[in-house]
Amino acid sequence: MIMPTLRFSALFFSAILLVSTNVFAQERLKIAVAGLSHDHVHTLLRAYQRQEVDIIGIAEADTELIRRFQASHKLPDSLFFGTVGAMLAAVRPDAVLAYNAISEHVDVAEACLPLKIPLMVEKPLATTLAQAKRIAQLADRYDTPVLTNYETTWYASNQTLKGLVEEGNVGKIKKVMVKDGHQGPREIGCSEAFLKWLTDPVKNGGGALVDFGCYGANLMTWLMNGERPVAVTAVTRQLKPAIYPLVDDDATIILEYEGGVTGVIQASWDWPYSIKDIHVYGDDASLHAVDPNTLVRYANPTKRADVQLETGYFGDHLTYLKALLDGKVANTGDLSSLANNLVVVEILETARISAERGERILIR
């Protein structure tokens, strides 16, 4: 009589444990938002509407912007706070996601990191190397992660390319060419709130050089396993000064590495269409990630083969963030990492100086 009772109790306990484990595994991230002026915030809000994430607070001072988002996304008054500090005094999120001007990322870090609240910002990490180093100092002091989100991080083509390069699929890397941009932020219909700081040389740190040059710097640093270039040369132009009078709208950045590797980054608000691709040339072959879902290998100009993509990496920044906070992934040198993005900001700042001076800049 005792054994069946014990068996039933054990099964009941196991069932409860299984249910509890599943519920815990499916628990949504509790996110607080710093700013609404970056148009990439719509990706987060769509995830919120699909109940994939919980938003428990939004810090935004622009009342007109708040009203617009409340109307379009049905956000209650209770979510809104005037500052990040006021928000974090009232709510305790799993992480803060920043969708404000790049120059303000350091201010969000100052508010979050002493409270040991992880921070993810939209690319790039900062507008100056001094700001980036301050963020890194805070992250180290309070042992709290700071991540940078790039759309191209979640491209299966890029992740597959990296794996093949590490396997020696193209031989020794010789040259990498990265093209990023579109017809222009005003031309593609970016919001006025976004344009207000995106085209500001202080708040964004520059124009196309920063906005799209950061993608190439991020990918190049990743492919070079965190190595800093030895020299940077950049040329910027204003092809549309009537539309973007304060910042560059076209930039070419050349990165030189020890061992003869060259990176060429072409960033522009003057492409005929949106483009985000990367072409890696080795001494045996080349790999061209044409778009998120297309990777081509060339053994020579006429021998072309489509590459089957590996899809095991994270598909978006929220699933990655959840895995990181759950301790399932280590953020050491990957595309989102602080280590990578410190180098990115150094490259961008040096490129800006190079373009201003019209000369090649040695950085070590």
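What volume does the second largest pocket have? In this predicted model, the second largest pocket has a volume of about 470 Å³. The legends below describe close-up views of pockets, helix contacts and backbone features.

**Figure 1. The second largest pocket and its lining of 21 residues.** Ser-37, Glu-60, Ala-61, Asn-100 and Glu-104 are the lining residues that lie nearest the centre of this pocket. Two or more residues of the lining are given by each of the elements α5 (105–112) and α8. Helix α8 gives the most to the lining of the second largest pocket, namely three residues. By class, the lining of this pocket comprises nine nonpolar, five polar and seven charged residues.

**Figure 2. The largest pocket, with a volume of about 730 Å³.** A total of 40 residues line the largest pocket, and those nearest its centre are His-40, Thr-43, Glu-122, Asn-149 and His-317. The elements that contribute two or more residues to this lining are α2, α8 (192–198) and α11 (317–325). The largest share of the lining of the largest pocket comes from α11, which supplies four residues. The lining of the largest pocket divides into 17 nonpolar, ten polar and 13 charged residues.

**Figure 3. Packing of helix α2 (residues 41–49) against helix α3 (residues 63–73).** The two helices pack at an angle of about 40°, and their axes are 12 Å apart. Helices α2 and α3 are therefore oblique to each other. The crossing in which α2 passes α3 is right-handed. On the α2 side, the contact is made by Val-41, His-42, Leu-45 and Gln-49, and on the α3 side by Phe-69, Ser-72 and His-73. The residues of this contact comprise three nonpolar, four polar and no charged.

**Figure 4. Packing of helix α5 against helix α6.** The axes of α5 and α6 are 9 Å apart, and the helices pack at an angle of about 15°. That angle makes α5 roughly parallel to α6. The crossing of this pair is left-handed. From α5, the residues His-105, Val-106, Ala-109 and Glu-110 meet Gln-131, Arg-134, Ile-135 and Leu-138 of α6. Four nonpolar, two polar and two charged residues make up the contact of α5 with α6.

**Figure 5. Packing of helix α7 (residues 156–166) against helix α10 (residues 213–223).** The axes of α7 and α10 come within 11 Å and cross at roughly 30°. The two helices, α7 and α10, are therefore roughly parallel to each other. Helix α7 passes α10 in a right-handed crossing. The residues Asn-158, Gln-159, Leu-161 and Lys-162 of α7 meet Leu-219, Trp-222 and Leu-223 of α10. The contact of α7 with α10 has four nonpolar residues, two polar residues and one charged residue.

**Figure 6. The cis peptide bond between Lys-123 and Pro-124.** Most peptide bonds are trans. The bond that joins Lys-123 and Pro-124, however, is cis, with an omega of about -15°. Pro-124 is located in the loop between β5 (119–122) and α6 (129–141).

**Figure 7. The positive phi of Lys-74.** Most residues other than glycine have a negative phi. Lys-74 is not a glycine, yet its phi is positive, at about 55°. Lys-74 lies in the loop between α3 and β3 (80–81).

Definitions and conventions:
Residues are numbered from 1 along each chain as its sequence is written. This is a predicted model: local features need pLDDT of at least 70, side-chain atom pairs count only at pLDDT 80 or more; totals for chains, interfaces and linings use all residues. Side-chain values use heavy atoms; hydrogens and water are left out. Axes are lines fitted to C-alpha atoms, for helices over the stretch in contact, and angles run from 0 to 180 degrees between N-to-C directions. Angles under 35 degrees count as roughly parallel, over 145 as roughly antiparallel, 65 to 115 as roughly perpendicular and the rest as oblique. A crossing is left-handed if the near helix is turned anticlockwise from the far one by less than a right angle, and right-handed if clockwise. Contact means heavy atoms within 4.5 Å. Ala, Val, Leu, Ile, Met, Phe, Trp, Tyr, Cys and Pro count as nonpolar, Asp, Glu, Lys and Arg as charged, and the others, Gly among them, as polar. On a 1 Å grid over the protein atoms alone, a cavity is a set of points where a 1.4 Å probe fits but cannot get out, and a pocket is an open set with protein on both sides within 12 Å along at least five of seven lines; lining residues have an atom within 4 Å of a point. Grid points are joined across faces, edges and corners, and a volume is the space filled by probe spheres set on the points.
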